[in-house]
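Visitor: I have the sequence and the model open side by side. Could you walk me through how the descriptions are reached?
Guide: Gladly! Let's take them one at a time.

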Amino acid sequence: MLVKLSVNGEKHEANVEPRLLLVHMIREVLRLTGTHIGCDTTHCGACTILVDGQPAKSCTMFAVQAQGKQLMTVEGLEQNGKLHPLQEGFMAEHGLQCGYCTPGMLMTSYAFLKKHPKPSEDDIRWAISGNLCRCTGYVNIVKAVQHAAAAISQGGA
Amino acid sequence: MIPAAFEYHTPSTIGEATALLAKLGDDAKVLSGGQSLIPLMKLRLASPAHLVDINGIPGLSGIREADGFLRIGALTRESELEESEVVRSRYPLLHDTSKVIADPLVRNLATVGGNLAHGDPANDHPATMLALGAEIVAVGPKGERRVPIASFFTGPFATSLRPDEILVEIRIPSPPARSGGAYLKLERKVGDFATAAVAAQVTIGANGACEHVGIGLTNVGLTPIKATKAEAALKGKAPDEAAIKRAAELAAEASEPSADLRGSVEYKKDLVRVLTARALRKAVERAGSRR
């Protein structure tokens, strides 16, 4: 089946089997390997991408369901060689250890900050409750998101 | 994990969708949010030969109050429910529930209709809808019918929906003044199914007695459970501590949990007792603040 979609503003099309999972299309057909596969059972959120602006687990969607949709993956955060404030925040606050959950954390936080530019710590913890960090580095992940929120409110992005 | 191959259908009207289901019979499954079905397919616990994706059918989404009902389109995402002002202000039981289903990412795709049509006794909406006295609107090739929620769940993962029918809407009677509700769920972590959960809805009459009582139980039996004896025990009585305690004991007796990693039978039954009492107290308190 022919699927046409856009990823990070770029149009793509591919002929895929209906059973192909969206995350497999992103990683193996489009070769965008920033999106990770963690648990593969809808628990961990490492595969989180934005579908028409909403964060979703791309291991729990078929590629054919993304027909005509605008996707955004972690590769879309950097603009013109400049890291997004969230990426800066994760670096500055040590928001990653092994880094496996990071693409999902970034995408969930990105959508969250668009909706809630001035979040409380509780709001952030609530927002990322569907993203698991096996290093349990949540304290610094929360700090990283706060760092980004502050940078954005000062006109960073 | 790779699901078994299937043929993918994208009907653009309800008529097309039900005609497809009538033709394909048991080989077909309806795909709405996919947050239960796709994991099952990946584990090969389900291998439908055909998926009928109803997401392209207009008019199946949305939340509105009309004709004395809160009408929720089957394709309404859980996150829409969570953010709905009318749900937050007038249906606290439903608002509570929407915040504890799976996790925020799953709720962006998962649908209210799917949560019910899946027939999983561990899902959260069934108990809520039992407590609220909702009705299900189903459409098949022969037209529309309404099913009271109390006769909707017929077994584990089984509902009274016919193979050629699609759940299109959920209707919840608008609560009278002095009504309130609450959903209390104990889960080991965000995203887990309930160890046990209780939905309670009450309406307090002018004389201070309970005019209406609805109590639904999650994940403590082969189907979602409506605790009818507990409801009857509280109805017509003032919701004092003794009456709430008695209803909570009857709710625990109505539960039929099985032992698993989440706890023993005894533990879960006692959890139902404790959660029922707490949910009823909260429902009564909220009813008092809502005139």
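**Reading the model**

Guide: Let's start with one pair of residues: A:Leu5 has A:His12 of β2(A) as its bridge partner. Please keep in mind that this is a predicted model.

Visitor: What makes β1 and β2 of chain A a pair?
Guide: Two strands pair if DSSP finds at least two bridges between them. Strand β1 (residues 2–7) of chain A and β2(A) are joined over 6 bridges, in the antiparallel sense, so they count as paired.

Visitor: Which sheet do these strands belong to, and in what order do its strands run?
Guide: In chain A, 5 strands make an open sheet with mixed pairing, ordered β2-β1-β5-β3-β4.

Visitor: Why are β2 and β4 of chain A said to stand at the edges?
Guide: β2 (10–15) and β4 (54–57) of chain A each have a single partner strand, so one side of each has no neighbour in the sheet.

Visitor: What lies across β3 and β4 of chain A?
Guide: That is helix α3 (residues 102–115) of chain A, which runs at about 35° to β3(A).

Visitor: How many residues does each chain bring to the contact between A and B?
Guide: Chain A brings 22 residues and chain B brings 20 residues. On the side of chain A that touches chain B, β4(A) gives the most, with 4 residues. That side of chain A divides into 7 nonpolar, 11 polar and 4 charged residues.

Visitor: Turning to chain B, how do you know that its radius of gyration agrees with a compact globule?
Guide: A compact globule of 291 residues would have a radius of gyration near 19 Å, and chain B has 19 Å, so the two agree. The C-alpha atoms of chain B fill a box of roughly 55 × 45 × 30 Å along the principal axes.

Visitor: How is chain B divided into domains?
Guide: The domain assignment gives domain 1 (7–53), domain 2 (63–173) and domain 3 (179–285). The centres of domain 1 and domain 3 of chain B are 34 Å apart, taken over C-alpha atoms. Chain B has 11 helices and 14 strands.

Definitions and conventions. Residues numbered from 1 in each chain as written. Chains lettered and ligands numbered in written order. Predicted model: local features only at pLDDT ≥ 70, side-chain atom pairs only at ≥ 80, totals over all residues. Domains from an automatic or database assignment. Helix = DSSP H or I, 4+ residues; strand = E, 2+ residues; numbered from the N terminus. Contact = placed C-beta atoms within 7 Å. Axes fitted to C-alpha atoms, helices over the stretch in contact; angles between N-to-C directions. Nonpolar A, V, L, I, M, F, W, Y, C, P; charged D, E, K, R; others polar. Rg over C-alpha atoms; globule rule 2.2 N^0.38 Å.
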